[in-house]
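Please keep the model open while you read.

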Amino acid sequence: MQAWRIRVRGQVQGVGFRPFVWQLARARGLRGVVLNDAEGVLIRVAGDLGDFAAALRDQAPPLARVDAVEVTAAVCDDLPEGFQIAASGAAGAETRVTPDAATCPDCLAEIRGEGRRRGYAFTNCTHCGPRFSILQSLPYDRARTTMAPFAMCPACRAEYEDPADRRFHAQPIACPDCGPRLWLEAGGAELPGDAIGLAAARLKAGEILAVKGLGGFHLACDATNADAVDLLRARKRRPAKPFALMAREEDLARIVAVSPAALAALRDPAAPIVLMPARGSLPETLAPGMAELGVMLPYTPLHHLLLDAFGGVLVMTSGNLSGAPQVIGNDEAREKLSAFADAFLMHDRAIARRLDDSVVRVDPPMVLRRARGQVPGTLPLPPGFETAPQIVAYGGQMKAALCLIKTGQALLGHHLGELDEALTWEAFLQADADYAALFDHRPQAVAVDLHPDFRASRHGAARAGRLGVPLIAVQHHHAHLAACLGENLWPKDGGKVAVIVLDGLGLGPDGTVWGGELLLGDYKGFERVAWLKPAPLIGGDRAQIEPWRNALVRLDAAGLSDLADRLFPAAPRDLARQLAAKGINAPLSSSAGRLFDAVAACLGICPMRQSYEGEAAMRLESLAADTGPVPDLPCVGGAIDPAPLFQLLAAGERPDRVAHALHASLAQAFAAEARRLIEAGQAEAVALTGGCFQNSRLATMTRNFLADQGILTQGRIPANDGGLALGQALVAAAKLESN
Amino acid sequence: MALRDERVTLAHGGGGKAMRDLIEEVFTSVFQPPGMEDQARLTEAALAEPGARLAFTTDSYVVTPVEFPGGDIGKIAVCGTVNDLAVGGARPLWLSAAFILEEGTEVALLRRIVATMAREAEAAGVRIVTGDTKVVGRGACDGVFVTTSGVGVIPPGREMAAGRVRPGDVAIVNGVLGDHGATILAARGDLALTSDIESDCAALGHLMADVIAAAPGIRAARDLTRGGLASALNEIAQTAGCGLVIEETALPLRPEVVGLCEILGLDPLYLANEGRLVVFVPEAEAAAALAAMRARPEGAGACVVGRAVAEHAGQVRMRTAFGGARIVDMLVGEQLPRIC
Ligand SMILES: [Fe+3]
Ligand SMILES: [Mg+2]
Ligand SMILES: [Zn+2]
Ligand SMILES: [Zn+2]
């Protein structure tokens with residue numbers, strides 16, 4: 001009888017792939033065996049394959065991602081009668097963990113149905129449920145997750161052991177008899193009764209609840225109740241930063257305009273927050289000054305039950321102290337969130353690691369925050385990096401995320417936050433250890449940012465020293481460049497690309513602060529071809545908090561000092577001007593982000609102080625309207641001068657048109673310079689990266705100006721510093737090889 | 001009086017009569033009694049005590065401008081070295097003073113500096129017993145550089161070292177932070193800034209003596225100089241191998257200093273001081289140490305700023321007003337922008 005060896009590569013472990021193979025094989029009367037090993041899934045099978053190989057790809061379970069199915073003829077004398085699932089044995093097997101996944105339709109039907117899991121908040125199966133958020137150590141099995149304290153009941157055990165069951169080897173399997181328990185507590189005491197019903201009633205009454213979810217606690221309140229929203233803002237001391245919402249699919253259309261692409265993103269097993277145009281039916285205070293709202297679907301049974309009982313739209317903002325990361329522990333929540341929450345919807349399944357909600361946009365597609373549901377998935381590296389050494393890269397300071405590369409794959413870690421925050425720093429150290437274990441990683445080099453005072457840079461330098469491996473410091477925007485090329489699988493020797501990097505700040509090799517650049521380069525190196533004309537960053541980081549500082553220097557440079565004096569009468573302008581003139585803590589910067597701040601300040605958008613990072617730029621984006629003049633920004637000796645924008649402002653142009661002009665002029669100026677490189681034959685393609693390209697208006701306009709060119713953009717990896725580490729790793733790999 | 005209204009010339013460093021006149025008129029006559037010798041010969045009974053140890057330190061002082069509200073380079077040069085000795089548990093006794101003078105420096109300025117030094121030394125109970133002068137050409141130094149070395153005696157049995165700090169110990173500072181750094185920033189000739197802030201420059205030998213008497217279990221003390229409280233605490237945390245936690249709301253900061261820092265974009269935790277120290281004492285002695293400090297003018301603003309903990313060894317954290325915790329690092333160099 002003819003026999004075959006079938007190798008399946010991709011995300012095929014821990015997703016019910018072996019029982020799927022078992023069912024396929026049995027339905028076709030094949031004999032053989034399926035097993036997990038370090039390379040994925042291996043099937044040894046005898047008989048008439050028919051469409052078996054195609055079905056492996058086409059009918060794969062929902063959470064599987066099949067990258068390759070390789071069929072080779074083989075001699076197999078030792079195959080069993082029938083078809084078997086072999087226990088995992090070899091070292092390195094089943095070390096892959098898939099991301100946490102939203103409740104699947106079958107499980108949702110069960111909790112809404114009449115069976116034993118009716119109303120059970122911890123229902124899950126191999127197609128859904130917690131994974132990375134409950135993982136404590138490897139290999140991934142129940143004993144090494146926070147489900148370990150819950151002994152399976154006989155009924156669950158039977159499902160767990162039955163290859164025909166949807167819960168075959170579903171590690172977090174649970175039921176009301178044996179699994180985690182939900183309760184509502186207030187004033188330190190558990191309240192008797194149905195926790196979900198009680199919680200929903202309190203939300204209806206305008207209370208604020210702390211809700212323990214998958215990757216952390218949320219603070220929830222009725223999104224239609226303006227008083228509740230105001231109360232939450234006051235308690236959290238969060239005056240303006242948008243609140244995320246959670247809504248059932250049937251309620252979406254009332255609150256936002258849902259495009260087909262947005263719906264697909266919402267329904268993804270990752271269940272991210274999706275930014276969509278607001279319909280104006282909810283209180284403006286949910287996202288002051290914003291044209292969009294961020295909404296996610298309920299993604300755990302607990303959320304489904306709560307929303308079903310509540311029957312409306314909830315605010316679901318991360319439960320944290322101002323500036324601190326999301327709370328994950330029960331005691332931690334009681335201590336830190338008591339001042340915010342009237343009651344706690346709690347459970348006794350521990351959260352092993354903090355995973356914020358991921359945030360995406362769909363037009364154009366982009367990931368703003370890469371976290372729950374998206375990690376720890378791997379990404380393929382571009383051609384030419386198959387043999388790159390194992391490298392760990394530690395990313396930036398503000399939106400820290402680390403990246404490991406190995407055997408042609410990258411593991412880009414989740415969004416951690418700002419590393420001076422103590423809990424975030426601890427999470428960074430945990431992530432460093434976690435991902436190394438997940439990837440069985442032994443770094444042969446360490447990559448960091450050029451900035452010596454990033455905690456990540458220091459950590460990397462110390463680690464490289466301990467390991468005795470090379471430390472490679474990568475310029476911030478070179479790393480952005482490489483991350484964008486890498487995501488697009490631009491070959492290592494694919495030639496140079498003209499890369500428009502519009503960003504916040506990054507230390508340049510010349511000691512000034514970069515952030516609005518046209519670079520010509522590849523993974524190995526780059527040159528700076530054009531840049532935003534530098535202006536002093538008065539007070540260093542303080543300029544990021546106080547937009548007027550950026551406005552002042554830009555207005556002065558445009559010869560509009562009088563206007564600056566009129567616009568910012570209360571600001572300490574004289575001293576600021578002295579600092580700028582004398583260069584006292586006022587480094588020159590070409591930051592595009594600060595130019596957005598400058599224009600926003602001139603238009604009266606939080607001129608004196610931003611209440612959260614990016615507020616001015618985001619409000620400016622929302623304000624812009626597609627009309628009006630678009631001044632040309634002259635480019636002299638590579639320096640693109642934004643002065644004409646401020647002249648427009650001085651001429652009394654309408655705010656929405658000035659806001660538009662900023663986006664359009666900047667896009668046009670950089671696109672024109674990039675085009676010249678293409679036309680001169682110096683660049684093979686154009687790429688867009690940097691935090692400013694998370695502004696969809698700017699991204700769309702720049703794309704439009706270059707519509708006839710091959711454009712590389714970032715869709716799956718954040719264009720901001722959340723994707724930086726991938727670029728650092730690729731640059732390091734390229735540099736190591738060229739040495 | 002031959003030197004009145006003159007400026008320092010290279011001849012004053014030439015080794016001839018001009019130099020001798022300068023030294024006698026400007027330096028040795030002021031530092032008397034009992035006079036300043038080329039080589040000090042000292043007797044000190046305290047040294048003969050069994051177990052007593054000699055403390056010996058040196059520091060160079062450069063500051064622009066040389067004179068500033070609340071002091072001048074001479075005051076810093078005396079106080080800085082006295083404080084170095086004092087925080088090590090020593091009783092400061094003798095100083096040397098070496099001057100590097102830029103050609104063209106006003107002699108009158110020099111006289112003022114020397115007068116300050118004599119006054120501060122007397123107040124601090126130390127004698128300036130030896131010294132040196134060099135003159136360098138224009139541009140080879142910036143006005144006046146001063147180097148002082150100091151000798152003191154540590155009594156038998158007194159052990160103060162950062163390594164002795166242990167979890168539970170309380171950290172106390174003797175007054176508001178950053179006044180000196182803020183004063184210097186504001187007084188820079190090229191920054192026309194009116195400010196009422198004065199340098200905190202002060203000798204802390206007497207204050208340390210009182211604190212040690214009140215809190216004999218004192219573990220360690222550090223004077224806060226360049227790099228401010230943040231740098232001193234990091235050094236202690238790393239040496240002691242324990243964590244330190246400071247409370248943002250407890251930090252003594254003058255509103256004017258906070259305001260100036262906001263405009264300049266600087267963190268007052270890293271601003272320089274010249275008359276501030278942090279002491280670590282066992283919790284049981286904290287109240288006594290605090291009272292002893294507050295009884296002196298240079299400790300009137302003393303307060304508890306934090307404590308040592310067993311967690312996050314080697315790391316300094318600040319509990320924020322909102323209840324979060326931030327890591328307070330030592331900086332590699334200047335405060336560079338980090339926000340992306
Ligand atoms: Fe960046
Ligand atoms: Mg010293
Ligand atoms: Zn399911
Ligand atoms: Zn069960």
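1. Start with one residue in chain A. Thr317(A) touches Phe217(A), His218(A), Leu219(A), Leu232(A), Lys236(A), Arg238(A), Phe243(A) and Ala244(A), leaving aside residues up to four places away in sequence. Thr317(A) sits in strand 13 (residues 314-318) of chain A. Its relative accessibility is 3%, so Thr317(A) counts as buried. Bear in mind that this is a predicted model.

2. Next, the sheet around that residue. In chain A, 11 strands make up an open sheet, with mixed pairing and the order 7-6-14-8-9-13-10-12-11-15-16. Strand 7 (189-190) and strand 16 (365-369) of chain A are the edge strands, each pairing on one side only. Helix 8 (residues 260-267) of chain A packs on the sheet. This helix touches strand 11 (273-277), strand 12 (292-296) and strand 15 (359-362) of chain A. The direction of helix 8 makes about 160° with that of strand 11 of chain A.

3. Strand 8 (residues 209-212) and strand 9 (residues 217-222) of chain A run antiparallel and are joined by four bridges. Lys212(A) stands opposite Phe217(A), which belongs to strand 9 of chain A. Phe217(A) is also among the residues that Thr317(A) touches.

4. Val45(A) lies in strand 3 (residues 40-46) of chain A. Val45(A) has a relative accessible area of 0%, so it is buried. What does Val45(A) touch, not counting residues up to four places away in sequence? The list is Gln2(A), Ala3(A), Trp4(A), Ile6(A), Leu30(A), Arg31(A), Gly32(A), Leu79(A) and Phe83(A). Gln2(A) is 43 residues from Val45(A) in sequence, yet their C-alpha atoms are 8.7 Å apart in space.

5. On to the metal site in chain B. Which residues coordinate the magnesium ion (ligand 2)? They are Asp59(B) and Asp84(B), each through OD, at 2.4 Å. Asp59(B) is in strand 1 (residues 53-61) of chain B and Asp84(B) is in helix 3 (residues 73-87) of chain B, so the pair ties together parts that are 25 residues apart in sequence. Asp59(B) counts as partly exposed, at 30% relative accessibility. Asp84(B) also counts as partly exposed, at 23%.

6. Chain B is assigned two domains: domain 1 (5-36 + 47-152) and domain 2 (160-326). Their centres, taken over C-alpha atoms, are 27 Å apart. In the contact between them, 20 residues of domain 1 of chain B meet 23 residues of domain 2 of chain B. About 1,600 Å² is buried between these domains, and carbon and sulfur atoms give 65% of that area. Pro69(B), Asn83(B) and Val87(B) supply 33% of what domain 1 of chain B buries against domain 2 of chain B, more than any other three residues.

7. A covered strand in chain B deserves a look. Four of the five residues of strand 8 (residues 220-224) of chain B are buried. Strand 8 pairs with strand 10 (residues 276-281) of chain B in the antiparallel sense, over five bridges. Ala220(B) has Phe280(B) as its bridge partner in strand 10 of chain B.

8. Last, the interface between the chains. Contacts involve 43 residues of chain A and 29 residues of chain B. The two chains bury about 3,400 Å² between them, with 56% of it on carbon and sulfur atoms. Asp420(A), Asp453(A) and Leu575(A) supply 16% of the area that chain A buries against chain B, more than any other three residues.

Key. Residues are numbered from 1 along each chain as its sequence is written. Chains are lettered from A and ligands numbered from 1 in the order in which they are written. This is a predicted model: local features need pLDDT of at least 70, side-chain atom pairs count only at pLDDT 80 or more; totals for chains, interfaces and linings use all residues. Side-chain values use heavy atoms; hydrogens and water are left out. Donors are N, O and S atoms within 2.8 Å of the metal (3.2 Å for Na, K and Ca); water is not among the atoms, so sites may look incomplete. Helices (H or I, at least four residues) and strands (E, at least two) are DSSP runs, numbered from the N terminus. Buried means under 20% relative accessible area, exposed over 50%, partly exposed in between (1.4 Å probe, protein chains only). Two strands pair if DSSP finds at least two bridges between them. Contact means heavy atoms within 4.5 Å. Axes are lines fitted to C-alpha atoms, for helices over the stretch in contact, and angles run from 0 to 180 degrees between N-to-C directions. Domain bounds come from an automatic or database domain assignment. Buried area is the accessible area (1.4 Å probe) that two parts lose on being put together, summed over both.
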